Amino acid sequence: MSYFLIFLAVVVAALVALFLVGSRRRELGRKPLRSEAVQDLLDEGLSAPVPNLPPVLLPEHPGTDDVDRVRFSLGLRGYRMDQVDQVLDRLAAELAAKDAQIEELRAQLANPASDQPAGEIEEDRSGPETARGAAMSDLAIGPDGKPRCNWPGMVGNELYLQYHDQEWGRPVHGEAKLFERLSLEAFQSGLSWLIILRKREAFRAAFAGFDPAVVAEYGEADVARLMADAGIVRNSLKIRATINNAQAILALPQGTSLESLLEQHRPAPRAPGAPVPAATAESTALAKTLKKLGFRFVGPTTAYAMMQAVGLTNDHQTGCWVADEL
């Protein structure tokens, strides 16, 4: 009997040792939930987790599915769920933007004769937002001899010129048109605006002309259809956010519209020649208001980009002929 007990103890000890070694190996192959994009949120006072619980870890190369997997686990560890969502939405957006970049680069490699200009895939927003945080440089002269904002890649690109001259910074009215601008700004995150412009008609077809009442009724079959549509940016998080935002528009309190919310947060005019900001106090307040009303993928930077696009602020470069017209 004593030999059996000794044997049983040895077996149990060996199993425990194997479990501990395996756990350690799995832990070494993972990393804590951190990224530069969300570090600022963590520094702003993310509530502490329940003591004595192991950290929530992600794989070395996480994907959006991994982000969703840890969302509930973080809640169990005592984090406030609104803070968890804020952090993970930012991380998910960062990962989704990288996925979209990879998709576009693969398309370029598959079609080397494409007319897509070199350098179009960029990590951050480009085009109207390129000069944020710094004073704009010399004006660009278009083929008609008119001075314009110095957006990289615009001169010589008719689609880009048309957008600059006829749309960007000019007033936009109506829920469908504003919903379109809001959605496209969210889809652009991590990409060049020129990519979105080229896919714009496909986006309009895919999202029923951005009619909030129609998009709000989209279900899982529509999500699958959109994910199979090569004409748009196929990102499940952004697709679902667009559907969610259509539902949020329909759920706005009586007498409130997306247009009225934008008008309530109209930013103060920027001094001529001053740097174009990435965000303002007004865009930050708008982003918070929209989040409380159920909107997703609308941070302060995206909110300000929309303000610029729909004419709430005139951020055309000083000397640009459009700036003078506005």
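**Where does Gly156 lie?** In this predicted model, Gly156 sits in a loop, with strand S4 (147–148) on one side and helix H5 (158–166) on the other. Gly156 counts as exposed, because its relative accessibility is 72%. Pro143 is 13 residues away from Gly156 in sequence. In space, the two C-alpha atoms are 7.4 Å apart.

**Close-up of helices H6 and H13.** Helix H6 covers residues 175–188, and helix H13 covers residues 300–309. Their axes come within 9 Å. The crossing angle is roughly 135 degrees. H6 and H13 are therefore oblique to each other. Their crossing is right-handed. On the H6 side, the contact is made by Leu178, Arg181, Leu182, Glu185 and Ala186. On the H13 side, Thr302, Ala305, Met306 and Ala309 take part. By class, this contact of H6 with H13 holds six nonpolar residues, one polar residue and two charged residues.

**Close-up of helices H6 and H10.** Helix H10 spans residues 236–250. The axes of H6 and H10 come within 10 Å and cross at roughly 150 degrees. An angle over 145 degrees counts as roughly antiparallel, so H6 is roughly antiparallel to H10. H6 passes H10 in a right-handed crossing. H6 brings Glu175, Phe179, Leu182, Ser183, Ala186 and Phe187 to the contact. H10 meets them with Lys238, Ile239, Thr242, Asn245, Ala246 and Ile249. The contact of H6 with H10 divides into seven nonpolar, three polar and two charged residues. Leu182 of H6 takes part here and also in the contact with H13. Ala186 of H6 is likewise listed for H10 and for H13.

**Close-up of the salt bridge between Glu180 and Arg204.** Side chains of opposite charge can pair when their charged atoms come close. Glu180 forms a salt bridge with Arg204, and the closest N and O atoms are 3.0 Å apart. Glu180 belongs to helix H6 and Arg204 to helix H7 (residues 193–206), so the pair ties together parts that are 24 residues apart in sequence. Glu180 is buried, with a relative accessible area of 6%. Arg204 counts as partly exposed, at 26% relative accessibility.

**Close-up of Glu201 and Arg204 in helix H7.** Arg204 also meets Glu201 in a salt bridge, 2.7 Å from N to O. Glu201 and Arg204 are three residues apart in helix H7, so about one helical turn separates them. Glu201 is exposed, with a relative accessible area of 53%.

**Close-up of the salt-bridge network.** Which residues are linked in a network of salt bridges? They are Glu167, Glu180, Arg181, Arg200, Glu201 and Arg204. Among them, Arg181 is also part of the contact of H6 with H13. Arg204 pairs with Glu180 and with Glu201. The count for the model comes to twelve salt bridges.

**Close-up of Asp222 and Arg225 in helix H9.** Asp222 and Arg225 form a salt bridge, with the closest N and O atoms 3.3 Å apart. Helix H9 covers residues 220–227. Asp222 and Arg225 are three residues apart in H9, so about one helical turn lies between them. Arg225 is partly exposed, with a relative accessible area of 36%.

Note on methods:
Residues numbered from 1 in each chain as written. Predicted model: local features only at pLDDT ≥ 70, side-chain atom pairs only at ≥ 80, totals over all residues. Heavy atoms only, no water. Axes fitted to C-alpha atoms, helices over the stretch in contact; angles between N-to-C directions. Helix = DSSP H or I, 4+ residues; strand = E, 2+ residues; numbered from the N terminus. Parallel < 35°, antiparallel > 145°, perpendicular 65-115°, else oblique. Left-handed = near helix turned anticlockwise from the far one by under 90°. Contact = heavy atoms within 4.5 Å. Nonpolar A, V, L, I, M, F, W, Y, C, P; charged D, E, K, R; others polar. Buried < 20%, exposed > 50% of the residue type's maximum accessible area, 1.4 Å probe, protein only. Salt bridge = Lys/Arg side-chain N within 4 Å of Asp/Glu carboxyl O.
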